[in-house]
Amino acid sequence: MQYKKRYDGRGHDETRPIIAKAGVLQNADGSAYFKIGETIAYAAVYGPREMYPRRLADPKRGVLRVNYNMMPFSGPGERNRPGPNRRAKEISMVSEKALLPAVDLEKYPNCVIDVFIELPQTDAGSRCAGICAASIALADAGITMQDMVPAIAVGYVGDTPVVDLSYDEEQPEGMEAVDVPVALIPSTGEITLLQMDGIVDAEQLNTLLEKAKDACAVIAQKQREALQEKYLGDADEE
Amino acid sequence: MSELLIQEREIVVPGQILAKGMEYLPSHGTYRKDEQIIASRVGVAIIDGKVIRSIPLAGKYLPKRNDIIIGKVIDILSMGWRVEFNSPYSGLIPIKDGTFEFIPRGADLSRYFDIGDYFVGRITNVSGQNLVDVSVKGQGLYKLRDGRTIKVNTNKVPRIIGKKGSMVSMIKRATGCKITVGQNGLVWLLGEPAMEFIAVQAIRKIEEESHIPGLTDRVKEFLEEKTGQPIPEHHSQNDDDEEEQPEGEQ
């Protein structure tokens, strides 16, 4: 079935409205706020700091540790039990692997960089929002990075490829949906997160990845603007 | 043809393309990807002829050789003292660099530095694994007694010191406090309690407002208002033993 007009009326290649801010938390070494549609992610970065327990430290390079947490009443569905669960652990792991190739950890042997992603409100695309927030927060913490890591979900609703699926679009009435979260490093084009829910063929997947690439370029720009806004003025000399 | 996409002293962020073409060279905080120079951390771009680098605006203090730091003894070992200094890495003061005094074999090292003691030291060596050696032997290096230490943003330390120490010496003159600023973002102060408080306020003000032009004048005004008297032009008696630190740029 054809999905012609989107539930919220935006174009097929259009993301939901994005608000990105850097440096929103006082006590973290770096922090960020990322809102896309109704999904809100906060990321706090602590470190580089000494790794405890010591046996987890790597003497060759620093370690990146990401924790993803969805708050109990954040989603549109049932209250989810607080604390880590199978899903949160999986997303923590994939977020970590999505950010890792962009971060230069060689300078921090035996240290750890902790990233905490909190989602007070979610409406699909939470892992992508989390990764977007985390990469702003990492840059805000002064960590050397190849590039920002933007992330976006692309997919099919019925036969129509769309960018940035909302919660309703993930379960459309009378249609099949495919949800493909993608994270990438814009400067190299390296894809660092690729998961899939649903069935597509190779050609369709390529269509989706092209769309993701375009959307990610836009998001990366927003991330950089958020950082520039925070540090604006710091450049002026006396 | 090479093309420069940024201006001198512009804020750059990771992934931002700074220049195109092979004529420009990457330095600290930037890297080359094919024909482009890309920023790899948040900083202020500096263009040195053909070389593009960035001065970091954020991040923890990473130990650098010859930095003057303020640190705290956290453990006593057989070969010296383990110290921390507001950084992910701890350092070591070897026995021979601890004091000018003669330390006999088997002496109780806590007689010289006890756990919890603060000091002004110089980083003598940083190894590839970030093992840090610190010395408290030398001009302007000493154990700190009394006073207080406050933590400031490491990246604002050059602003607190000012050009050739102008800012910190102004605070010293105005408040009569002894002040030592460590490159690691710890500041030690000693003076009259009321004056100490004003000095801390002034330092916080510098930290918060360092990006607004006319900082020196505003801090001067602030100090004069708080102390209720004009700042003496010449150095007071407290000003002789502190070392002037160079502006800490990487």
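**A helix pair in chain B and its surroundings**

Guide: In chain B, the axes of helix α2 (residues 166-175) and helix α3 (residues 193-209) come within 10 Å and cross at roughly 155°. The model is predicted: local features need pLDDT of at least 70 and side-chain atom pairs count only at pLDDT 80 or more, while totals for chains, interfaces and linings use all residues. Residues are numbered from 1 along each chain as its sequence is written, chains are lettered from A and ligands numbered from 1 in the order in which they are written, and side-chain values use heavy atoms, with hydrogens and water left out.

Helices (H or I, at least four residues) and strands (E, at least two) are DSSP runs, numbered from the N terminus. Axes are lines fitted to C-alpha atoms, for helices over the stretch in contact, and angles run from 0 to 180 degrees between N-to-C directions. The helices α2(B) and α3(B) are therefore roughly antiparallel to each other; angles under 35 degrees count as roughly parallel, over 145 as roughly antiparallel, 65 to 115 as roughly perpendicular and the rest as oblique. The crossing of α2(B) and α3(B) is right-handed, the near helix being turned clockwise from the far one by less than a right angle.

On the side of α2(B), the contact (heavy atoms within 4.5 Å) involves M167(B), I171(B) and T175(B). From α3(B) come M195(B), I198(B), A199(B), A202(B), I203(B) and I206(B). By class, this contact of α2(B) with α3(B) holds eight nonpolar residues, one polar residue and no charged residues. Here Ala, Val, Leu, Ile, Met, Phe, Trp, Tyr, Cys and Pro count as nonpolar, Asp, Glu, Lys and Arg as charged, and the others, Gly among them, as polar.

The sheet beside the pair comes next. Three strands of chain B, in the order β15-β17-β16, form an open sheet with antiparallel pairing; two strands pair if DSSP finds at least two bridges between them. Because β15 (148-151) and β16 (178-181) of chain B are edge strands with a single partner each, one side of each is left without a neighbour in the sheet. On average, neighbouring strands of this sheet are turned by 20° against each other, direction ignored. Four bridges link β15(B) to strand β17 (residues 186-190) of chain B in the antiparallel sense, and I150(B) stands opposite V187(B) in β17(B). Helix α3(B) packs on this sheet, touching β15, β16 and β17 of chain B. The direction of α3(B) makes about 15° with that of β15(B).

A helix pair in chain A may be set beside this one. Helix α1 (residues 86-99) and helix α2 (residues 126-140) of chain A pack at an angle of about 45°, with their axes 10 Å apart, which makes α1(A) oblique to α2(A). The crossing of α1(A) past α2(A) is right-handed. Among the contact residues are I91(A), A98(A) and L99(A) of α1(A) and I131(A), A134(A) and L138(A) of α2(A), as well as R87(A) and E90(A) of α1(A) and R127(A) of α2(A). By class, this contact has six nonpolar, three polar and three charged residues.
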